[in-house]
Structures are given as C-alpha cells and as structure tokens.
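Please look over the model below before reading on. The paragraphs after it go from the overall fold to single residues.

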Amino acid sequence: MRMRFLATAAATVAAVAALITPAHADGSLGAKGSTLTLPLTEALTTLPVAAESRAGYERSAFKHWVDADKDGCNTRVICTARWA
C-alpha cells in the first residue's frame, strides 16, 4: 500500500511539474541549457478551472461497492475514508 502511495505521489509531482513548466509563445521550452522559473503560487493561477459535472454518473452502475466483511461499510466508504 505504501509503495502504491509513493508511486501515485511521484506521478502526481511529475504531472504538476509538466503543467507548471512555462512554455514560450513559439511552443518551445527555451534555448538548450536555459532555466525557466515560475513561483508555484503564480503557476497555480494559470491552471484551468472548470465547474464540476456529474453528467452520465449513475451510482447503480458501480456494482463492486460491496460490504464484503459485513461491517456496514462498503468498499467505496472504506476507500474514501482512508484517503480523506
């Protein structure tokens, strides 16, 4: 479980790094060997934000949310609580 968390964290950091690396107007990342910097707080303001949409979601379509150990908590509740 810890390895999965570390792998997920590493992938998330890589994705965020790719998103916050500024590109030049011509689409390049600058001259070879050049360094571009952008404060994280500024980079975060450039991320697109969209309204949440649950269109097409039907809870009944997820039959795998079962209470296998009969403790009153289904798989969804256990997973959500673990990462909250």
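**A walk through the model**

From the N terminus on, the elements of the protein run α-α-α. The secondary structure comes to 3 helices and 0 strands. Helices (H or I, at least four residues) and strands (E, at least two) are DSSP runs, numbered from the N terminus.

This is a predicted model: local features need pLDDT of at least 70, side-chain atom pairs count only at pLDDT 80 or more, and totals for chains, interfaces and linings use all residues. Residues are numbered from 1 along each chain as its sequence is written, and side-chain values use heavy atoms, with hydrogens and water left out.

How confident is the predictor? The scale is pLDDT, the predictor's confidence in each residue, from 0 to 100. The protein averages a pLDDT of 76. At least 70 is the score of 74% of the residues. In the protein, confidence is lowest in α1, at a mean of 75, and highest in α2, at 85. Where pLDDT is low, the predicted coordinates should not be read in detail.

Next comes the surface. The protein has 84 residues, and buried residues make up 1% of them. Buried means under 20% relative accessible area, exposed over 50%, and partly exposed in between (1.4 Å probe, protein chains only). The accessible surface of the protein comes to about 7500 Å². Carbon and sulfur atoms hold 63% of that surface. Accessible areas come from the Shrake-Rupley method with a 1.4 Å probe; for residues, only the protein chains shown count as cover.

Start at helix α1, which spans residues 2-20. F5 is found in this helix. F5 is partly exposed, with a relative accessible area of 47%. Together with M3 and L6, F5 forms a nonpolar patch on the surface. The three share about 340 Å² of accessible area. Patches are made of residues with over 30% relative accessible area and no salt bridge: like charges are joined within 9 Å, nonpolar side chains (Val, Leu, Ile, Met, Phe, Trp, Tyr) within 5 Å.

I20 also lies in helix α1. I20 is partly exposed, at a relative accessible area of 22%. Which residues does I20 contact, leaving aside its neighbours within four places in sequence? They are L38, L40 and A43. Contact means heavy atoms within 4.5 Å. The C-alpha atoms of I20 and T45 are separated by 9.9 Å, and these residues are 25 apart along the chain.

L40 is found in helix α2. L40 is exposed, with a relative accessible area of 51%.

Now follow the loop between α2 (40-45) and α3 (75-83), where S53 lies. S53 is exposed, with a relative accessible area of 58%. A polar atom of the S53 side chain lies 3.4 Å from the backbone nitrogen of A55. A polar contact is a pair of N or O atoms within 3.5 Å; within protein, one must be able to donate a hydrogen and the other to accept it, and residues adjacent in sequence count only if both atoms are side-chain atoms.

The side chains of R54 and E52 meet in a salt bridge (2.7 Å, N to O). A salt bridge is a side-chain nitrogen of Lys or Arg within 4 Å of a carboxyl oxygen of Asp or Glu. By this rule the count comes to 1 salt bridge. Side chains of opposite charge can pair when their charged atoms come close. R54 is exposed, with a relative accessible area of 61%. E52 is exposed too, at 62%.

K70 is found in the loop between α2 and α3. At 69% relative accessibility, K70 counts as exposed. K70 has a positive phi of about 55 degrees, although it is not a glycine. Most residues other than glycine have a negative phi.
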